[in-house]
Amino acid sequence: MNSTAAARPFSRPGRRPRDWPVWVVPLVLGPFVTAGTLGAQRNADSEPHPYETNELDPFGVGLILAGVLALLFRRRAPVPAAAVVGAVTLLYFLRAYAYGPFPLLPTVALIALVGAGHRVSAWAGTYLGLAGFTAVSWWIGVGPALRGQGEALFPVERPTLVGSTITLLWTVAVLAVAELVRIQSERAAEAAGKRREQERRRASEERLQIARELHDVLAHNISMINVQAGVALHLMDEQPEPAGSAAARTALAAIKEASKEALTEMRSVIGVLRNQGESAPRSPTAGLDRLDDLLGRARTAGLKVHAEIDLPEGASLPAGPDLAAFRIVQESLTNITRHAGPGPVNAWVRIAYGEREISIRVDDDGRGAPLLHEDSGGSGLHGMRERVAALGGVFSAGPRPGGGFRVAATLPLDGPERAEDEAR
């Protein structure tokens, strides 16, 4: 468990009051306010100099229940609910019942009203109601000794300067608390929205990565299989035994190897989709240590591949640039096989290792360059460009001077670390 969440358990979703069912607060407040008011009334009557209050009669209980029921609508209709609670509060105080915990009802209504965004209604309505109560109680009010006594319908005490000041300060405090709750709720909602957006972004990036991996694996190996199958069929039909049979056997062996490689790499890529608790993929992730096998399969497919690899012996590349470099070469050779036109076609693979970056360049002298425009509908160049951009590198692809096509990329070896520093 996260230590912060453990230290603040009520800050987690589902533990905050706004996440509770709407009926929880009214269900608690109803009995509490009623019992508390009766207790406050007994305490007032038992004091040496009793503070006179009106007996909590059925009308008073009805006012409490009306305020409690109005709170059930504080989320669906916050303005009408607050208006009903405000009217109930005015009648309750005009009837001169014991205060007790009754002020909790308008407090909850105001917090809900401000939290729903009706700040002007909350502030203006509260002070208009307070001004109206002060004016009415001054007009019909009685002296302190007659409060809650006699036959008057509203035996409220005439307001004093001290009492009015205390009421005003209490009202300001309630509205201030409501604003603090609103600000905290908005911050929590904003933080939750950012977390959801980050989760969606990570899921999208993961899907794009899986799509690129699957495209690279399938496009390269299936293209090789297709070429070799065509070669095998041609040899079997056109060349007599035994030369044709031997050449066809070589092509079929290349098909077997390419299909095996495709299955192996697909298991590795799809391994990220395994459920929690399943074993991890046992095959290693593709990298430049498998470059010889990749070039060998390309030569088997009919390409004349010339490689210039400047990698210091024992040099270790970070996983990201290592995989990206391998995939760029793989996808480039796949595109040459598909689009370079009739052979013989030469391909030059150049990889240079620097202190802070690795450079990859793949050239060919074929005649299929126009087909490799990025608007052609394929995803090979797009995938390579996105892969390089994700590592903070530079990518270019286009017709090569003198004919053919060129793919070039420069990958920083400290790309992931720099991205983490920028995120901080």
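**View 1. Helix 10 passes helix 11 in a left-handed crossing.** Helix 10 (residues 319-339) and helix 11 (residues 380-390) pack with their axes 10 Å apart, at an angle of about 165°. Axes here are lines fitted to C-alpha atoms, for helices over the stretch in contact, with angles from 0 to 180 degrees between N-to-C directions. Helix 10 and helix 11 are therefore roughly antiparallel; the labels are roughly parallel under 35 degrees, roughly antiparallel over 145, roughly perpendicular from 65 to 115 and oblique for the rest. A crossing is left-handed if the near helix is turned anticlockwise from the far one by less than a right angle, and right-handed if clockwise. Helices (H or I, at least four residues) and strands (E, at least two) are DSSP runs, numbered from the N terminus.

This is a predicted model, in which local features need pLDDT of at least 70, side-chain atom pairs count only at pLDDT 80 or more, and totals for chains, interfaces and linings use all residues. Residues are numbered from 1 along each chain as its sequence is written, and side-chain values use heavy atoms, leaving out hydrogens and water.

**View 2. Helix 4 and helix 6 make a right-handed crossing.** The axes of helix 4 and helix 6 (residues 119-140) come within 11 Å and cross at roughly 25°, so the two helices are roughly parallel.

**View 3. Glu179 forms salt bridges with Arg119 and with Arg182.** A salt bridge is a side-chain nitrogen of Lys or Arg within 4 Å of a carboxyl oxygen of Asp or Glu. In the pair of Arg119 and Glu179, the closest N and O atoms are 3.1 Å apart. Arg119 lies in helix 6 and Glu179 in helix 7 (residues 161-238), so this pair ties together parts 60 residues apart in sequence. For Glu179 and Arg182, the closest N and O atoms are 2.9 Å apart. Glu179 is buried, at 10% relative accessible area, while Arg119 is partly exposed at 39%. Buried means under 20% relative accessible area, exposed over 50%, and partly exposed in between (1.4 Å probe, protein chains only).

**View 4. Glu308 forms a salt bridge with Arg350.** Their closest N and O atoms are 3.7 Å apart. Glu308 lies in strand 1 (residues 304-310) and Arg350 in strand 2 (residues 346-353), so the pair ties together parts 42 residues apart in sequence. Salt bridges that share partners join Glu308, Arg350, Arg361, Asp363 and Arg406 into one network.
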